[in-house]
Amino acid sequence: MLNLGHWRLIVATADMGNISRAAERVGITQSGASQAIAQLEATLGLQVFTRSRKEVAATALGEQVVEHARAMLSHLESIRTLADDSKGLSQGRIRLGSFPSVISTLLPPLLHGFRQRHPGIEVVALEGTDEEVEDWLSRDAIDLGVVMNPAPQRQALILGRDRWMALLPSAHRFSRRASSKGITLAELAGEPFILATGGCSVNGLSLARKARTDLRDIRVTVRDWASACALVREGMGVAVVPESTLPSDMRQLRTLPLAPVIRREFGLVRSPGGRQSAAVGALWKHATLGVSPRSSAKTRAD
């Protein structure tokens, strides 16, 4: 069955002349876009696009389909604007704070969909450490914040979950250990250590202290998870990183789960002022309908 996503993709493909760029614009994968276009063409019983190595172009009939799709989406936007006006949502401004890479990974698809639904509401994203985000929330300096391990009483909207992993060079002596056995923080404490923080107070160092052990040989401290992975790959030490931040290319790397398992989650929390905002309520509703918590290595965030 065809839906609005198909028609948005058709218009994007016509505009971009490239399925990969069109997929990026509407927030899906290239393979998903190719399958969606094939499904639409099969349902309509006509070829909308011709494909070559250099470009994707609309057929003569396809051009008419694209124009009808444009008109459909334009009318839909007009209806949504009318609905927003009736609810006082035709304009507004939302301040959203987050620790670093959530802004560039999890939030863009969410905010892209929200902007399509409520084009008059501006969302300003502010990057800070998890401690800064908590401070901003407490002072009402932001309306929404992404926080780490939110307590149940905060009624957070969970965006993602994963577990902490030990990251080792493939030649390390612990790399021969079975994954099922895992590795303790005490075993890692005396190893040359690459400390990555991800802009968060919860990191390898704080986890070790909570486990009543000390990291005795911290060689390098970095903020970016990717930098830590690169240094481990070069054999400069071991690291403790969230499973969701592991690189897709694991050559010369080995992971072991921490034992006992340590998990984390991160979610959206509203400030006191944010709870009173109609614009924030609209974004919260959009996120509730559109977000299912991402977990394990499928998540790419801090």
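Helices (H or I, at least four residues) and strands (E, at least two) are DSSP runs, numbered from the N terminus. The model is predicted: local features need pLDDT of at least 70, side-chain atom pairs count only at pLDDT 80 or more, and totals for chains, interfaces and linings use all residues. Residues are numbered from 1 along each chain as its sequence is written, and side-chain values use heavy atoms, with hydrogens and water left out.

Start at the N-terminal end of α1. Asn-3 caps this end, with a side-chain oxygen 2.9 Å from the backbone nitrogen of Gly-5. That is a polar contact (a pair of N or O atoms within 3.5 Å; within protein, one must be able to donate a hydrogen and the other to accept it, and residues adjacent in sequence count only if both atoms are side-chain atoms). α1 has 13 residues and reaches 18 Å from first C-alpha to last, close to the 18 Å expected. The expected span is 1.5 Å times one less than the number of residues. Just after α1, Gly-17 takes a positive phi of about 65°.

His-6, Trp-7, Leu-9, Ile-10, Val-11, Ala-12 and Thr-13 of α1 are buried. Buried means under 20% relative accessible area, exposed over 50%, partly exposed in between (1.4 Å probe, protein chains only). These α1 residues pack against α2 (19-26), α3, β1, β2 and α4. Contact here means heavy atoms within 4.5 Å.

Now take α4, residues 60-86. Its 27 residues should span 39 Å at 1.5 Å a residue, and its end C-alpha atoms are 40 Å apart, which agrees. Its buried residues are Gly-62, Val-65, Val-66, Ala-69, Leu-73, Arg-80 and Asp-84. An α-helix has 3.6 residues a turn, so residues three or four places apart point the same way. The cover over the buried residues of α4 includes α1 (4-16), α3 (30-44), β1 (49-51), β2 (56-58) and α6 (107-117).

Next come the strands. Two strands pair if DSSP finds at least two bridges between them. β3 (92-98) pairs with β4 (121-127) in the parallel sense over 7 bridges. Here Arg-95 has Val-124 as its bridge partner in β4. β3 also pairs with β5 (144-148), again parallel, over 2 bridges. Leu-96 has Leu-144 as its partner in β5.

Asp-143 sits in the loop between α7 (130-138) and β5. Asp-143 is buried, at 8% relative accessible area. A polar atom of its side chain lies 2.7 Å from the backbone nitrogen of Arg-95. Beyond four places in sequence, the contacts of Asp-143 include Ile-94, Val-269 and Arg-270.

Turn to the rings. Rings of Phe, Tyr and Trp (its six-membered ring) pair if their centres lie within 6.5 Å; planes under 30 degrees apart count as stacked, over 60 as edge-to-face and the rest as tilted. The count comes to 2 aromatic pairs. Phe-99 and Phe-266 are edge-to-face, 6.3 Å centre to centre with 85° between the planes. Phe-99 lies in the loop between β3 and α5 (100-104) and Phe-266 in β11 (263-270), so the pair ties together parts 167 residues apart in sequence. Trp-164 and Trp-225 are also edge-to-face, at 6.0 Å and 65°. Trp-164 is in β6 (157-169) and Trp-225 in α10 (225-233), 61 residues apart.

The charged end of Arg-264 sits over the ring of Trp-164, 5.7 Å from its centre. This requires NZ of Lys or CZ of Arg within 6 Å of the ring centre and within 35 degrees of the ring normal.

Finally, Thr-245 is in the loop between β9 (239-242) and β10 (253-257). Its side chain reaches the backbone oxygen of Pro-242 at 2.8 Å.
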